[in-house]
Amino acid sequence: MFGAAQEQSDTAGEPVSRQRPAIAPELRLRLARGLRIVTLIGMAFLILGTVVSLVQVGDLPRATVPPSDLPERLLAFDAQAIVSLGLLTILFAPVYGLISLAYGCLRQRDRLYAAAAGLVLTILVLSVVIALATRGA
Amino acid sequence: MNLLTELGILLTATGAGVLGSLVGLGGGVFVVPILSVFFGIPLKTAIAASGVSVVVNSAAGASVYLRDGMPNIRLALLMLVPTTVGSIIGGLLAVHSSPNALRIVYSVSLFGMIIVMARRGARPSPPPAERDPLGLTASYYDRAIDGGTEVCYTPRRLAPGMSISAGAGMISGMLGIGGGAVQVPAMNAIMQVPVKAATATSTFMVGPTVVASALIYYLNDLIDPAVAIPAVLGMMLGAQSGARLARRTRGALLVRILMIILFYLASTVFLQALGINVPGAR
């Protein structure tokens, strides 16, 4: 058996440190809901882009659209742009999770973990900067 | 590429999602070598497509685990710092490595995973620690123990756990796989996190880990929607079915069968890297 058996509490799954208050269950549930919604939106764009592409050219797009060209091509209802938006929305889901956690921890005055979430977000932004800098290198 | 090939990718990804979900490895370890070896899709394109699929599966899986209160969010946040750094390095290596170098790393990693699968077994966690300055002690409700029990634990040995996590991030970023095959045993064996909490925490961590490298793939035009879309849809469908099937399947036998499949794939990729032609491979 794993660990010590204790009474079931309302904060199941949450850190139960005496030194640091538990992460609020509402934050956890909001995070779960948000991840699901963002992923579903991304999938919806992917499916819409696929249908538009199949109708327009009879096949799936073979490349993604650079983020800078996305707004213009989305306005033109371009299948490649819709698919790219879907892919970027899917990639945004974990970023949304980190933003949500950083904000939630800040509201709970849990500065250490708000900083940890902020640091991970900064690393992700750094990955974009590095990718742009090394693009085609 | 024609619609038939895309349908083949969809079916392959569905099968990979089922298999990956049954053994808790994620579908990436199966889908990347199959797409590369049997569909003739460039390895980097297969890795990028798998990376996007892994993000979808992580987000979908994490939302279920979060509802049940399984992931240790604080532990995940701390471990994500070295893991995402590792993932960026892995993503850059994937973009700038030669396909043959990637094939060798891929096959060696698959052989490593086979060894991990062979030796895998849940280790019990000690009672929670008295001192916990970082507030990492967590609990979850486990229905499988004595008809339902609250399990409370404190993750230990954070420094070695985080170092291994950085390595897992690098493998994940380089190969477009989730990294759970490394993270879960490390969290369980080294940090003494119960295996269910480790699995849930790892699932939550995989999304941010792979996004770091997936953004690099996107901005380097490595994502081919004609491969990524069927891979994403297939892996998602497969993972859902696999999770249901897992409840009714004999685990030990299945793991052995999948180890043989992985061994075959790893050997084929390795031989391709050496320039040796394998029958049926493209």
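Visitor: Which residues line the largest cavity?
Guide: A cavity here is a set of points on a 1 Å grid over the protein atoms alone where a 1.4 Å probe fits but cannot get out, and lining residues have an atom within 4 Å of a point. This is a predicted model, where local features need pLDDT of at least 70, side-chain atom pairs count only at pLDDT 80 or more, and totals for chains, interfaces and linings use all residues, while side-chain values use heavy atoms, without hydrogens or water. Residues are numbered from 1 along each chain as its sequence is written, and chains are lettered from A and ligands numbered from 1 in the order in which they are written. The lining is made up of A:L35, A:P94, A:G97, A:L98, B:V55, B:S58, B:A59, B:A62, B:F204, B:G207 and B:P208.

Visitor: Which element gives the most to that lining of the largest cavity?
Guide: Helices (H or I, at least four residues) and strands (E, at least two) are DSSP runs, numbered from the N terminus. Two or more lining residues come from each of helix 3 of chain A, helix 3 (43–67) of chain B and helix 8 (195–219) of chain B. With 4 residues, the top contributor is helix 3 of chain B.

Visitor: How many charged residues are in the lining of the largest cavity?
Guide: Ala, Val, Leu, Ile, Met, Phe, Trp, Tyr, Cys and Pro count as nonpolar, Asp, Glu, Lys and Arg as charged, and the others, Gly among them, as polar. The lining splits into 8 nonpolar and 3 polar residues, and the number of charged ones is no charged at all.

Visitor: Which element supplies the largest share of the lining of the second largest cavity?
Guide: Among the lining residues are B:T83, B:S172, B:Q183 and B:M205. Helix 6 (158–175) and helix 8 of chain B each give two or more. The largest share, 4 residues, belongs to helix 8 of chain B.

Visitor: What area do chain A and chain B bury between them?
Guide: Contact (heavy atoms within 4.5 Å) takes in 72 residues from chain A and 75 residues from chain B. Buried area is the accessible area (1.4 Å probe) that two parts lose on being put together, summed over both. Carbon and sulfur atoms carry 71% of the total, which is about 6,200 Å².

Visitor: Why does the pair of A:R62 and B:D224 join two chains?
Guide: A salt bridge is a side-chain nitrogen of Lys or Arg within 4 Å of a carboxyl oxygen of Asp or Glu. A:R62 and B:D224 form one, with their closest N and O atoms 2.4 Å apart. The pair joins two chains because A:R62 lies in the loop between helix 1 and helix 2 (70–75) of chain A, and B:D224 in the loop between helix 8 and helix 9 (225–246) of chain B.

Visitor: How many salt bridges does the rule find across the interface of chain A and chain B?
Guide: Over all chains, the structure holds 3 salt bridges. A:D110 forms a salt bridge with B:R74, at 2.7 Å between the closest N and O atoms. Across the interface, the count is 2.

Notes:
1 Å grid on protein atoms, 1.4 Å probe; cavity = no way out; pocket = protein on both sides within 12 Å on 5 of 7 lines; lining within 4 Å.
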